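Have a look at the model first, then read on.

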Amino acid sequence: RDLFNQYAAASRFKILKSSGTYFELLDYSDITNEKDVDFAIRLTKEFKLAAIPVSVFYNTPTVDNVLRFCFAKTDDTIKKAGEILAKI
């Protein structure tokens, strides 16, 4: 988590620190106004970076501009993801 957050801190995403999980939430409101599902799809297609839209966990629509990223990865994978996050 700390390594992922170190890389995320160099990006325009805002880190919403979490504990006791293998996921970190990143706020992307400074980047785009896209719905989280749309932005997650675009990240996957354009940047080859997978994220989970937080809205899929709720019955009522949310406007949080937050995506969930898994950091239970190798250091090399986290580094590559961090480099991608910094370019967005």
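**Size and fold at a glance**

With 88 residues, a compact globule would have a radius of gyration near 12 Å, and the protein agrees with that at 12 Å (taken over C-alpha atoms; the globule rule is 2.2 Å times the number of residues to the power 0.38). Keep in mind that this is a predicted model, where local features need pLDDT of at least 70, side-chain atom pairs count only at pLDDT 80 or more, and totals for chains, interfaces and linings use all residues. Residues are numbered from 1 along each chain as its sequence is written, and side-chain values use heavy atoms, with hydrogens and water left out.

**Fold**
- You get 3 helices and 4 strands here (DSSP runs numbered from the N terminus: H or I, at least four residues, for helices; E, at least two, for strands).
- Starting at the N terminus, the order is α-β-β-α-β-β-α.
- The C-alpha trace spans about 35 × 30 × 20 Å along its principal axes.

**Packing and surface**
- Buried residues (under 20% relative accessible area, 1.4 Å probe, protein chains only) account for 36% of the 88.
- Of the contacts (heavy atoms within 4.5 Å) between residues at least 6 apart in sequence, 50% join residues at least 24 apart.

**Lys35**
- Lys35 sits in the loop between strand 2 (23-27) and helix 2 (36-47).
- Its relative accessibility is 61%, so Lys35 counts as exposed (over 50%).
- Asp64 is 29 residues from Lys35 in sequence, with 8.8 Å between their C-alpha atoms.
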